[in-house]
Amino acid sequence: MDWSGIRTVLGWCAVINFGLLMVSWVLYMVCHQWIYDIWSSLYGMSMETYDLLYISVLAMWKILTIVFNVVPYVALGMISDKHKNGHNPEIE
């Protein structure tokens with residue numbers, strides 16, 4: 001697979017991850033009590049702990065998606081743009 005193929009895969013991974021992140025956020029907003037009831041029956045946690053845990057997981061998921069999907073996607077785009085314009089950093 002060449003660099004443009006890897007860049008395409010990273011782009012789709014970012015789109016899928018952000019889509020799932022948005023679905024998780026909507027579920028949190030719409031089904032908050034129902035999901036809390038399930039988690040509290042399994043783990044016996046308070047509402048405050050549940051909220052903190054859920055928001056922390058969503059925040060970490062967003063950070064990891066940016067670091068491992070979006071940043072490499074942008075970096076590969078910058079590299080491919082330099083090679084298209086005939087710029088060769090190894091000569092400089």
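The buried residues of helix α1 pack against α2 (32-43) and α3 (47-84), where helices are DSSP runs of H or I with at least four residues, strands are E runs of at least two, and both are numbered from the N terminus. Contact here means heavy atoms within 4.5 Å. The buried set of α1 consists of G5, L10, G11, A14, L21, S24 and Y28; buried stands for under 20% relative accessible area, exposed for over 50%, and partly exposed for values in between, with a 1.4 Å probe and protein chains only. Helix α1 itself covers residues 3-30, and its end C-alpha atoms lie 40 Å apart, which agrees with the 40 Å that its 28 residues should span at 1.5 Å a residue. That expected span is 1.5 Å times one less than the number of residues.

The model is predicted, so local features need pLDDT of at least 70 and side-chain atom pairs count only at pLDDT 80 or more, whereas totals for chains, interfaces and linings use all residues. Residues are numbered from 1 along each chain as its sequence is written, and side-chain values use heavy atoms, with hydrogens and water left out.

Turning to the whole chain, the secondary structure amounts to three helices and zero strands, in the order α-α-α along the sequence. The radius of gyration is 20 Å, well over the 12 Å that the globule rule gives for 92 residues, so the chain is more spread out than a compact globule. This radius is taken over C-alpha atoms, and the globule rule is 2.2 Å times the number of residues to the power 0.38. Along the principal axes, the C-alpha atoms fill a box of roughly 65 × 20 × 20 Å. Buried residues account for 20% of the 92 residues. Of the contacts between residues at least 6 apart in sequence, 65% join residues at least 24 apart. The chain exposes about 6,900 Å², with carbon and sulfur atoms supplying 72% of it; accessible areas come from the Shrake-Rupley method with a 1.4 Å probe, and for residues only the protein chains shown count as cover.

K62 and N17 are 45 residues apart in sequence, yet their C-alpha atoms are 8.2 Å apart in space. Beyond its neighbours within four places in sequence, K62 is in contact with F18 and L21. At 41% relative accessibility, K62 is partly exposed.

The aromatic residues also deserve a look. Five aromatic pairs are present, a pair being rings of Phe, Tyr and Trp (its six-membered ring) with centres within 6.5 Å; planes under 30 degrees apart count as stacked, over 60 as edge-to-face and the rest as tilted. The rings of W39 and Y43 are tilted, with centres 5.2 Å apart and planes at 35°. These two residues are four apart in helix α2, and therefore separated by about one helical turn. W39 is partly exposed at 34%, while Y43 is exposed at 55%. Y50 and Y54 make another tilted pair, with centres 5.7 Å apart and planes at 55°. Both lie in helix α3, again four residues apart, but here Y50 is buried at 2% and Y54 is buried at 17%.

Finally, the charged end of R7 sits over the ring of Y73, 4.1 Å from its centre. The criterion is NZ of Lys or CZ of Arg within 6 Å of the ring centre and within 35 degrees of the ring normal.
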